[in-house]
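Here is a briefing on one protein model. It covers the overall build, the sheets and a few single residues.

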Amino acid sequence: MISHVLSSYLAFWARRHLARTGIRIIAITGNVGKTTTKEAVGAALSPHLAVRVVRGNFNAPFGVAVGILGGGWDDKYYESGGGAGYWFRAACAAPLLALFSRPKEKFVVAEYGADRPGDIGWLAERFPPHVAVVTAVGQIPVHVEYFASAREVAREKAKILRYLKSGDHAVLNTDDLSVLEMREGIRALVTTFGMRESAEVRAAGLQILSDSGVAEGMMLNIQDGRASAPVRLYGALGRSQAYAAAAAVAVGKALGLTLEQAVAGLSGYRPPAGRMRLLRGVKETTILDDSYNSSPSAVHNALDILKAMPAPSGQARKIAVLGDMLELGGKTITAHQAAGDMAGSIADILVCVGDKSKFTADSAGNQLPSANIKWYRTSEEARVPVQAILRPGDVVLVKGSQGMRMERIVKEIMADPEHAVTLLVRQNQRWLRTL
């Protein structure tokens, strides 16, 4: 009840702020890739347009309102660790920001998240976007336990498009049929992105950039009609990053930027913490840090990247450290078994973390020797044993749902743990106090 009242209060002032300043919202929703896409959009647009990117994953009702109001309150949230004191101060500051602030930005890039039915509709009704980006839904999306089916999740995400007017823009992933179907009946101008040839803005030719066999990032081409431009993304890997780059160029196109302008902006893009980010590990290892969250489609993509990594030399191996995928409801067992089947065919060693990941370990046993499969109840239990098994040259993928706190393992095995606060996810005091 208190949360609902606070959200409505902050939304009132955020709407006043938008009406007074004329700021337009670029809203990003979907079940995967929201934060990555948000950061890529910000990078592509910021050299050419007055844009502010809402920090972190402020995608719930009160977070979106605070992000729209600006004034550094999303930064203050991370600095303070959140809590009742933060929200009390934010509530006091909201009227002042709404009535007297003089922001420089003309656009705010924000995420719209949905934990339960009605969330997207609530946000889109109060904060109608000028540009709405839908990333992907997937066959077994996260938070599916609160929805009857994946189709219900798609319907919820599609609500963001109902509030677009003629002259607004919908930017849709053409590779996800559930997303592409959302274009029917909307009034907005539609721009599609993806990897299929049917996409208006297409990512193609993905390659891993490496130096002496060590991955440094990825290269791809962004195609817009007959025009094409190369993009180099350092510290980032995977199809999710390519989709984010293509979506960012599509947003730029919708707002009048040329392909060259949008691609030039992407040179400043760096992946958000915990989203398939390349890190140096101890013992001269390479870490694929994908510890922010997890879902079946995201695990599949992450394992694909591990498979595509340059083959380790000598005694080096490919190691997958996979934590539970949460909030899958009735799909829990089959999703973890599928992850185990795939991991067993790719990894030399599989480390499973969490009760649900026992199903992952069991399925992987059909392809990997039992000695090469480890299981631990928590990330705290797993972190030291994972460090102990590493050899020089190993490539280590770390992935799991937010509640599994897989970043603890990354911190244990990274070469520069003193920089964890800037390189890893969930390093503010609120999270660090959580056991």
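Contact means heavy atoms within 4.5 Å. Among contacts in the protein between residues at least 6 apart in sequence, 66% join residues at least 24 apart. This is a predicted model: local features need pLDDT of at least 70, side-chain atom pairs count only at pLDDT 80 or more, and totals for chains, interfaces and linings use all residues. Residues are numbered from 1 along each chain as its sequence is written, and side-chain values use heavy atoms, with hydrogens and water left out.

**Overall build**

- The protein has 17 helices and 15 strands. Both are DSSP runs, numbered from the N terminus: helices are H or I with at least four residues, strands are E with at least two.
- The radius of gyration, taken over C-alpha atoms, is 21 Å.
- The C-alpha trace spans about 65 × 55 × 40 Å along its principal axes.
- Of the 435 residues, 56% count as buried. Buried means under 20% relative accessible area, exposed over 50%, and partly exposed in between, with a 1.4 Å probe and protein chains only.
- The accessible surface comes to about 18200 Å², and 51% of it belongs to carbon and sulfur atoms. Areas come from the Shrake-Rupley method with a 1.4 Å probe; for residues, only the protein chains shown count as cover.

**Nine-strand sheet**

- This open sheet has mixed pairing and the order S2-S3-S1-S4-S5-S6-S7-S8-S9. Two strands pair if DSSP finds at least two bridges between them.
- Strand S2 (51-53) and strand S9 (227-234) are the edge strands, and each pairs on one side only.
- Neighbouring strands are turned by 20° against each other on average, direction ignored. Axes are lines fitted to C-alpha atoms, for helices over the stretch in contact, and angles run from 0 to 180 degrees between N-to-C directions.
- Strand S4 (residues 131-134) and strand S5 (residues 169-173) run parallel and are joined by four bridges. Val131 stands opposite His169 in S5.
- Helix H3 (residues 61-69) lies across strand S1 (24-29), S2 and strand S3 (107-111), at about 145° to S2.
- Helix H7 (residues 150-162) lies across S1, S4 and S5, at about 160° to S4.

**Six-strand sheet**

- The order in this open sheet is S10-S11-S15-S12-S13-S14, again with mixed pairing. S10 and strand S14 (373-376) each have a single partner strand, so one side of each is left without a neighbour in the sheet.
- Five bridges pair S10 with S11 in the antiparallel sense. Leu279 stands opposite Ile287 in S11.
- Helix H11 (residues 296-308) packs on the sheet and touches S11, S12 and strand S15 (395-399). The direction of H11 makes about 175° with that of S15.

**Single residues**

- Glu284 is not a glycine, yet has a positive phi of about 60°. Glu284 sits in the loop between strand S10 (277-281) and strand S11 (285-290), and is exposed at 69% relative accessible area.
- Glu327 also has a positive phi of about 60° without being a glycine. The loop holding Glu327 runs between strand S12 (318-323) and helix H12 (332-346). Glu327 is partly exposed, at 30% relative accessibility.
- The structure holds zero disulfides; a disulfide is a pair of cysteine sulfur atoms within 2.5 Å. Cys352 is buried at 0% relative accessible area, whereas Cys92 is partly exposed at 44%.

Terms used. The radius of gyration is taken over C-alpha atoms; the globule rule is 2.2 Å times the number of residues to the power 0.38.
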